[in-house]
Amino acid sequence: MFLDINNLSVRIENKNILNSLNLKINKGEVHAIMGPNGSGKSTLANVLAGKEDYEILNGKVNFKDNDLLELNIEERAQEGMFLAFQYPVEIPGVNITPFLHSAINSKKKRMNEEEIDNLSFAKLLKSKANELGISIDMLKRSVNTGFSGGEKKRYEILQMSILNPDLAILDETDSGLDIDALKIVTDGVNRLKTEDNSFLIITHYQKLLDYIKPDYVHVMVNGSIVKSGGAEVAAEIEKDGFQKFQ
Amino acid sequence: MNSETLNALDTYSKNKYKYGFVTDIETDKPKKGLNEDIIKYISSKKNEPKWMLDWRLNSFAKWNKMKEPEWANLDFPKIDYQNIYYYSAPKNFEKKPKDLSEVDPKLIETYNKLGIPLEEQKVLAGVAVDVVFDSVSVATTYKGELEKLGIIFCSIGEAIQKHPDLVKKYLGSVIPPGDHSFSALNSAVFTDGSFVYIPEGVKCPMELSTYFRINAENTGQFERTLIIADKGSYVSYLEGCTAPKRDDNQLHAANVELIALEDAEIKYSTVQNWYPGDENGKGGIYNFVTKRGLCAGKNSKISWTQVETGSAITWKYPSCILKGDNSIGEFYSVAITNNFQQADTGTKMTHIGKNTKSKIISKGISLGKSQNTYRGEVSFLRKADKARNYTQCDSLLVGNQCGAHTVPYIDSKNNTAVIEHEASTSKINEDQLYYCRQRGLSHEEAVSLIVNGFCKQVLQELPMEFAVEAQKLVSISLEGSVG
């Protein structure tokens, strides 16, 4: 099993957000989680990434034969977990090139692989940026600083394609994107998709799933998965909304 | 700041000051204390002419009547001026060594350890260095090469002997001995420091640099630096400083004077890394420094860049007097305080000439239980038509027991003056740390990256040879910080 979430319950400030949640993802699968606002979707993403504000009440999470909850944020990232943020934060004065270069090398270090040198990295970054229609000019700017919503999301996908994660979690990556930006972002995801990696796509709307075809769709309400199925589940939600699941 | 951040910061080793070793070397020292005899002793040790001794004694008379400035946001016990050595030199150092073969190997070893090799072939290419150990200049590199261009780069002691006319004309012309008590003190007992003269029309082809080291115990260092850029010339100068770890506080009261004549430009950079004291606030250097530049001629420019990471107390306001029309003054500052350090630093820009411009970029970073104050004064005199100032002060707080303060004064007697002021105070952002760590960077790397990003505007003003060093120093200064 690649990712196995077993009976996970999570609380923040005395409020239960996830309630006995179960989810299994195999290598090479694309899963989508849909749910109304406040159902706990983003919490799930942050708990998996290791954000520290949450209290784990119960449950186990296994990721690539690791007890995930025992790892800190950077160890999870180095193990191949990537979270594309809903609201990527600005980091003024920090250029994307050294930032991502350190990131990729910290991962290689953990995997006991040879670190990548400056020149090879610059080449890699440039070619990936090209694929995503990101200008060289944008690479000179500070991380997310002064970017439009669409630019930030594209930047997230650029980082994802450089770090080449085993499990990528996309937290409402479609929010705030117009149709052209959505196409660029989803093209990037589809290009990255292989037999060996998996995706967990969190979204409020069905539109994103027109571009990225999920193998499984889950409906999340009040911190639990209440229904799982194929693409037909998304169509059902599109037609009737979340009402009938609540 | 949440508990894991705190723990990660806590696990940094507490005391990472790399330069805290002591060189075991015999020294020549007079008795402790400050009086006319000591001043005469210093002057005779340096074989000075009578006019110099008279100048010192005059300054001492002024100091005797003065009180220390008290307006800074600093808290420290009264300095006992009679409990300090005012002169310390390696034994038998009456004459500066002619070349390295005459220098005590222990001294060469000291500078090797500090990463400042004195052999020219090992020195950073394109950087000439003057090294000052306690009260004396030990060596100056690349002198011959600079002399061919008419550039004078030597210790101030040597300049008093060899270039008395220039020294008499300019010494004390920007910082009069009676300006305040620390300038009077320095003028009375200054020992060594650097002297630079760039002749008309010459662009100095290399970075000039002085490295100050305090070694002896209970000894004050009072260096005096004088830089004159004649018409149309250019020079970039950098100073660095370190001192051993000691439990007692030590006094460092330097005076630096810059004079830029018509169309001349001086770029002065400081990387200050005096011993800051331990994590309980014991020991460390009291750094009371007066730095002032005079843009005397039209279209002249003086630019100060400082990275202040060391010292228990920093009291320092590198300033510009913009006298020549169209002259430009700049001040770029990064001040990092950790543990119990206190810094009260900033600048004064005095606009006298027409169309004068000044720019102030200050970045203060406070950690631990430290206090960090920016203090600045921008004034426009009556004739300063169409003068402009831009000021930006940003403070970053790491943890919740430190303080950041901003005290800007503005005084305008000319209604065509334009003043812009921007200020911000922020805490290191958990979301930024989370973001960096989610990409695989460790906690330490993330903090260092974010702080370096915060300082970038200033660090990029440093000469390239030192920018990388300064970045590393910023990272080291963040270690041992507990929120």
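Predicted model: local features only at pLDDT ≥ 70, side-chain atom pairs only at ≥ 80, totals over all residues.

A: Chain A contains 8 helices and 10 strands. Of the 246 residues in this chain, 54% are buried. Among the contacts in chain A with a separation of 6 or more, 69% are accounted for by residues 24 or more positions apart. Gly38(A) belongs to the loop that runs between β3 (30-34) and α1 (41-49) of chain A. With a relative accessible area of 77%, Gly38(A) is exposed, because the value is over the 50% required for that class.

The part requested lies in chain B and is best described from strand β20(B), which spans residues 371-380. Of its 10 residues, 8 are buried, so β20(B) is largely enclosed by the rest of the structure. Two pairings of this strand can be described. Strand β18 of chain B, residues 342-351, runs parallel to β20(B) and is joined to it by 10 bridges. Within this pairing, Phe380(B) of β20(B) has His351(B) standing opposite. Strand β22 of chain B, residues 403-412, also pairs with β20(B) in the parallel sense, over 10 bridges. Here Glu377(B) has Tyr409(B) of β22(B) as its bridge partner.

Helix α2(B), residues 36-45, packs with helix α3(B), residues 50-64, at an angle of about 150°, and their axes are 10 Å apart. An angle over 145 degrees counts as roughly antiparallel, and α2(B) and α3(B) are therefore roughly antiparallel to each other. The crossing in which α2(B) passes α3(B) is right-handed. On the side of α2(B), the contact is made by Glu36(B), Ile39(B), Lys40(B), Ile42(B) and Ser43(B), and on the side of α3(B) by Leu53(B), Arg56(B), Leu57(B) and Phe60(B). By class, the residues of this contact between α2(B) and α3(B) comprise 5 nonpolar, 1 polar and 3 charged.

Conventions: Residues numbered from 1 in each chain as written. Chains lettered and ligands numbered in written order. Heavy atoms only, no water. Buried < 20%, exposed > 50% of the residue type's maximum accessible area, 1.4 Å probe, protein only. Helix = DSSP H or I, 4+ residues; strand = E, 2+ residues; numbered from the N terminus. Pairing = 2+ DSSP bridges. Axes fitted to C-alpha atoms, helices over the stretch in contact; angles between N-to-C directions. Parallel < 35°, antiparallel > 145°, perpendicular 65-115°, else oblique. Left-handed = near helix turned anticlockwise from the far one by under 90°. Contact = heavy atoms within 4.5 Å. Nonpolar A, V, L, I, M, F, W, Y, C, P; charged D, E, K, R; others polar.
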